Amino acid sequence: MAATGYCETIKLRRLGILTGGGDCPGLNAVIRAVTKTAMTRFGVTVIGIEDGFEGLIEGRMHQLSNLDVSGILSLGGTILGTSNKGDPFHYPVVETNQEVKIIDASQSALQNYKNWDLDALVTIGGDGSMHISQKLYELGVNVVGVPKTIDNDLEATDVSFGYDSALFVATEAIDRLHTTASAHHRVMVIEVMGRYAGWIALGAGVAGGADIILIPEIPFHWDSICKKVLERSKHGKRFSIVCVAEGARPAGGTLTVKEIDGKRTDAVRLGGVGEKVAKEIYLLTGLETRYTVLGHLQRGGSPTPFDRLLGTKFGTLACELAAAGEFGKMVSLRGTEVTAVWIKDAIARQRLVPIECQLVQSARAFGTSFGD
Ligand code: F6P
């Protein structure tokens, strides 16, 4: 094993694969494409690592057969399991007195990579997993990354798989809220995921025709939100839909945090801003207001055709990169082409919504408020 990276001449015989961080629809499409390409085109043995990096640290893995990856294209979740508490460089261990100690378990991960005689490792994950992948690569693991996340916040790819499926669920939820909002003449607030990026709220908000969209990139003002719902009410629209990203916050205010959990790769768990927004609208306008937190529904269920296709293309290229010895790289979508970029470039910064982007401008043009 050597960390020379780009175009290292190895003979790929055994390829490890894991899914890390929060799940999203399309993971199984990637696992299927990597495994089938590896076995069929390259005659490579594929080892599935269980529960993300946790399985690598603990040596939990098994060989994947053609049967294991058959019929999984349309399945949500991941047949390998995943975890967002398995960072080898920040690994939580529960001691006998029940206290949690954070240790560096990267050498165990490295040892298991060697013990299982792996020549390369495909890591399918989001921002946190790509940071871990880069560090493992620097330690000498022959890593190829595949970007997944419903949040769509990974730089260096135009879109990650999982986003389209989450958008589909969130848009449908807004459609459903519309009918009940209009029937009861209520303000309906829907909180969607996305972490520190507003891609889901923006996409679903525009696709679902929300009247107000609140995203982390555009801090909001309570009076702007209330002005918008009152104006609509005055003009005969006795209901409003507010789509709020979990990472949205008032100008000069802070993020709404649900929980801090040091065992997670990202200790901060967001949540609760939807309730805050609903309460404040009711308090300031007197209009009947309800809120819905869409939560993990956005991550569950079947991937959309777009995510199945993207996952499949990503998986095939990831396997080809591993076979060609192109390590330290992540597959990425650029325009309509699937290509490869350096993982270190992909994690250099987060992909946030540019506040002047076409979709924001277009929404503003027909009267959508961003609460600013
Ligand atoms: O990163 C994906 C994501 O679903 C975020 O949108 C959300 O903030 C987070 O994961 C939720 O994490 P968990 O599943 O640990 O509650």
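The model is predicted, so local features need pLDDT of at least 70 and side-chain atom pairs count only at pLDDT 80 or more, while totals for chains, interfaces and linings use all residues. Residues are numbered from 1 along each chain as its sequence is written, and side-chain values use heavy atoms, with hydrogens and water left out. A search of the whole structure finds 24 salt bridges, and the count of aromatic pairs comes to 2.

**Aromatic pairs**

- Rings of Phe, Tyr and Trp (its six-membered ring) pair if their centres lie within 6.5 Å; planes under 30 degrees apart count as stacked, over 60 as edge-to-face and the rest as tilted.
- By this rule there are 2 aromatic pairs. One of them joins F161 and F314 edge-to-face, at 6.4 Å centre to centre with 65° between the planes.
- F161 lies in the loop between strand 7 (143-147) and helix 5 (163-184), and F314 in helix 9 (residues 305-324), so the pair ties together parts that are 153 residues apart in sequence. Helices (H or I, at least four residues) and strands (E, at least two) are DSSP runs, numbered from the N terminus.

**Charges over rings**

- A charge sits over a ring if NZ of Lys or CZ of Arg is within 6 Å of the ring centre and within 35 degrees of the ring normal.
- R232 places its charged end over the ring of F239, 5.2 Å from the ring centre.
- K329 has its charged end over the ring of W342, 5.0 Å from the centre of that ring.

**Salt bridges**

- A salt bridge is a side-chain nitrogen of Lys or Arg within 4 Å of a carboxyl oxygen of Asp or Glu.
- Which parts of the chain does the bridge between E155 and R349 tie together? The two side chains meet at 3.7 Å, N to O. E155 lies in the loop between strand 7 and helix 5, and R349 in the loop between helix 10 (343-346) and helix 11 (358-365), so the pair ties together parts that are 194 residues apart in sequence.
- E155 is buried, with a relative accessible area of 17%, while R349 is exposed at 54%.
- R290 and E288 form a salt bridge at 3.1 Å, N to O. R290 is partly exposed at 36% relative accessibility, and E288 is partly exposed at 36%.
- D372 and R364 meet in a salt bridge at 2.8 Å, N to O. D372 is partly exposed, with a relative accessible area of 45%, and R364 is partly exposed at 35%.
- Salt bridges that share partners link E50, D51, E54, E58 and R60 into one network.

**A nonpolar surface patch**

- V94, V100 and I102 make up a nonpolar patch on the surface, with about 220 Å² of accessible area together.
- Patches are made of residues with over 30% relative accessible area and no salt bridge: like charges are joined within 9 Å, and nonpolar side chains (Val, Leu, Ile, Met, Phe, Trp, Tyr) within 5 Å. The areas come from the Shrake-Rupley method with a 1.4 Å probe, and for residues only the protein chains shown count as cover.
- I102 belongs to strand 5 (residues 100-103) and is partly exposed at 36% relative accessibility.

**Two residues to look up**

- S240 lies in strand 10 (residues 240-245) and is buried, with a relative accessible area of 1%.
- Which residues does S240 touch? Not counting residues up to four places away in sequence, S240 is in contact (heavy atoms within 4.5 Å) with R186, V187, M188, D211, V229 and R232.
- The C-alpha atoms of S240 and I47 are separated by 51 Å, and these residues are 193 residues apart along the chain.
- A183 lies in helix 5 and is exposed, with a relative accessible area of 53%.
- A183 and V143 are 40 residues apart along the chain, and their C-alpha atoms are separated by 54 Å.

Definitions and conventions. Buried means under 20% relative accessible area, exposed over 50%, partly exposed in between (1.4 Å probe, protein chains only).
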